[in-house]
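This briefing sets out how the parts of one protein model are arranged. Please read it with the sequence and the coordinates open alongside.

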Amino acid sequence: MNAVLEAPAKPENGARGRGTGLFRAFWRWHFYASFLVIPVLLILAATGLIYLFRFQIEPVLHADLMKVSQPAGLVAQPYETQLDEVRQAFPDATVVSMTEPSAPNRSTVFSVDTAAGPRDVFVDPYEGKVLGSLNPDTTLSGAAILLHGELMAGRWGDYVIEIAACWAIVMALTGYYLFFLGRVARARRRAAGAAGAVLRSRHGRTGAVLGLGLLFLIVSGLPWTGFWGAKAQELATHQGTSFWGEDPGALSNPTSTLDESLPHSHSVPWGLGKTEVPRSNPADGKRSVATVDTAIEVGQRNGLRRPMTIALPADDGGVFSAIGYAFNDPGKERTLHVDRYGGGVVSTYGYSDYPALAKVVAQGIALHEGRRLGTFNFWLTTVFCLGVIFMCVSGPLMWWRRRPKGNSLGAPRGRLPLRATPALAVLVTALAIFLPLFGLTLAAALLLDQLALRRIPRLGTWFNTAS
């Protein structure tokens with residue numbers, strides 16, 4: 001992604017007219033795409049780093065809630081006892097889920113819904129006392145998640161991220177073109193000791209390495225988006241498949257879905273994101289009534305990995321949903337719905353039941369979040385985020401060093417030769433169709449160029465518009 005915001009060199013004459021025109025046209029689109037893409041990518045990379053290190057950061061910031069010590073001679077209290085303590089501390093709240101301690105020195109986490117919003121309640125598993133609570137949205141990692149997903153601006157923030165992601169594809173593709181066709185010129189500048197030549201080369205080489213990873217992150221993140229993701233899911237549903245798994249054994253109850261039973265502060269298996277929860281039969285109340293500990297025992301007996309998350313019944317007809325730990329391997333995603341009257345397994349659903357498309361999405365998301373390949377994936381994603389931050393800083397710095405003096409932004413001058421390059425026209429059209437928000441913003445940019453930049457001399461001069 002070479003020369004993100006670099007000012008243009010002097011135009012060249014001679015037989016290279018067509019190639020130079022294409023080069024400058026790509027440079028121009030690369031330049032202007034950066035104005036939208038760089039701020040969003042910088043936010044996504046920074047918040048992505050925070051999210052990646054959330055398990056290291058949050059226990060340090062909230063050690064009094066998340067870390068515990070095991071007194072000599074004490075063993076962990078039953079989860080039902082801990083649940084009673086939470087209900088006594090928050091009598092007006094609804095407890096929706098519980099997550100087992102992730103280590104012997106970690107607390108049990110109960111997620112509750114209160115009149116003021118969601119809370120994560122932390123309990124010392126050995127003494128059985130409530131340590132305190134947090135609003136998951138106000139923690140550092142919680143705020144990072146909200147920024148990463150929608151810029152804390154709801155649907156419109158989601159649209160901005162999706163548009164920036166579309167134009168990031170343009171930046172990556174044009175960047176590769178600029179990198180390979182400009183390698184000789186960069187070598188000459190370095191040899192001549194030109195100002196900024198080293199930074200320019202580092203920017204280009206870093207972008208060449210990061211470009212493919214950026215394209216993967218964009219593609220793997222598209223299923224989450226509010227426009228493309230929603231429309232693609234509709235199309236997939238019409239074709240008899242889905243991005244997400246749907247439990248065929250679940251009873252229809254639109255007011256009781258798994259994504260409502262588990263708040264966003266917990267890791268929900270992506271393939272189960274819209275799975276409707278089965279129901280228990282209160283008429284069977286003469287049998288023993290199951291508890292959270294029963295659900296844990298049933299899950300363990302059926303091979304669920306720990307620490308488990310248990311979604312509690314929402315009413316007398318609800319079930320316990322035991323979700324096995326599958327952080328590093330989506331292939332292990334599995335949920336058991338446990339009858340609260342007797343503790344039998346009502347139904348089970350997991351990765352093996354997902355549609356093929358949902359399996360691909362689940363694996364892509366795990367890679368996207370830096371957890372699929374263990375430590376290697378974790379550190380590779382860390383280096384990638386740092387590289388994106390470097391690109392977002394070095395691009396504007398190159399432009400700042402070489403910005404022109406006078407009444408001009410310093411954009412490269414060039415127009416896409418679509419008529420003379422049919423393959424390019426096909427590529428642009430295909431991108432506009434595949435990514436509708438890119439197509440809409442591209443059409444708006446072209447209209448602005450024709451109706452304003454080429455008709456108002458001052459604007460044409462400022463944006464360096466070719467006649």
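What follows gives an overview, and then groups the points by topic.

The model is a predicted one, and its secondary structure comes to 16 helices and eight strands. Of the 467 residues in the protein, 48% are buried. Among contacts with a separation of 6 or more, 67% are between residues 24 or more positions apart.

**The nonpolar cores**

- The largest nonpolar core has 41 residues, and the members that touch the most others in it are Trp167, Leu214, Val388, Leu435 and Phe438.
- Two or more residues of this core come from each of the helices H1 (17-52), H6 (154-181), H8, H9 (228-238), H12 (356-368), H13, H14 (422-434) and H15 (436-453), and the largest share, 11 residues, is given by H6.
- Leu435, one of the core residues that touch the most other members, is in contact with Cys166, Ile169, Leu222 and Trp228 when its neighbours within four places in sequence are left aside.
- Another core, of 23 residues, lies apart from the largest one, and its members include Val112, Leu312, Leu336 and Val338.

**Helix H8 against helix H13**

- The axes of H8 (residues 197-221) and H13 (residues 374-402) come within 9 Å and cross at roughly 135°, and the two helices are therefore oblique to each other.
- The crossing in which H8 passes H13 is left-handed.
- On the H8 side, the contact is made by Leu199, Arg200, Arg202, His203, Thr206, Gly207, Leu210, Gly213, Leu214 and Leu217, while H13 brings Phe384, Gly387, Val388, Phe390, Met391, Ser394, Gly395, Leu397, Met398, Arg401 and Arg402.
- Sorted by class, the residues of this contact between H8 and H13 are 10 nonpolar, seven polar and four charged.
- Leu214 of H8 and Val388 of H13 take part in this contact, and both are also listed among the residues that touch the most other members of the largest nonpolar core.

**Helix H14 against helix H15**

- H14 and H15 pack with their axes 5 Å apart and at an angle of about 120°, and they are therefore oblique to each other.
- The contact joins Val428, Leu431, Ala432, Ile433 and Phe434 of H14 to Pro436, Phe438, Gly439 and Leu442 of H15.
- By class, the contact of H14 with H15 holds eight nonpolar residues and one polar residue, with no charged residues.
- Phe438, which belongs to the H15 side of the contact, is also one of the residues that touch the most other members of the largest core.

- In H5 (residues 140-150), the buried residues are Ser141, Gly142, Ala143 and Ala144.
- Met152 counts as partly exposed, at 49% relative accessibility.

**Val298 and its surroundings**

- Val298 has its place in helix H11 (residues 292-301) and is buried, with a relative accessible area of 2%.
- Not counting residues up to four places away in sequence, Val298 touches Leu336, Val338, Gly343 and Val345, and two of these, Leu336 and Val338, are named among the members of the 23-residue core.
- Val298 and Ala322 are 24 residues apart along the chain, and their C-alpha atoms are separated by 8.4 Å.

**Two loop sites**

- The peptide bond that joins Arg306 and Pro307 is cis, with an omega of about 5°, and Pro307 lies in the loop between H11 and strand E5 (309-311).
- Ser352 is found in the loop between strand E8 (345-350) and H12, where it counts as exposed at 62% relative accessibility.
- The C-alpha atoms of Ser352 and Glu333 are separated by 8.6 Å, and these two residues are 19 residues apart along the chain.

How values were computed
Residues are numbered from 1 along each chain as its sequence is written. This is a predicted model: local features need pLDDT of at least 70, side-chain atom pairs count only at pLDDT 80 or more; totals for chains, interfaces and linings use all residues. Side-chain values use heavy atoms; hydrogens and water are left out. Axes are lines fitted to C-alpha atoms, for helices over the stretch in contact, and angles run from 0 to 180 degrees between N-to-C directions. Helices (H or I, at least four residues) and strands (E, at least two) are DSSP runs, numbered from the N terminus. Angles under 35 degrees count as roughly parallel, over 145 as roughly antiparallel, 65 to 115 as roughly perpendicular and the rest as oblique. A crossing is left-handed if the near helix is turned anticlockwise from the far one by less than a right angle, and right-handed if clockwise. Contact means heavy atoms within 4.5 Å. Ala, Val, Leu, Ile, Met, Phe, Trp, Tyr, Cys and Pro count as nonpolar, Asp, Glu, Lys and Arg as charged, and the others, Gly among them, as polar. Buried means under 20% relative accessible area, exposed over 50%, partly exposed in between (1.4 Å probe, protein chains only). A nonpolar core is a set of buried Ala, Val, Leu, Ile, Met, Phe, Trp, Tyr and Cys residues joined through side-chain atoms within 4.5 Å.
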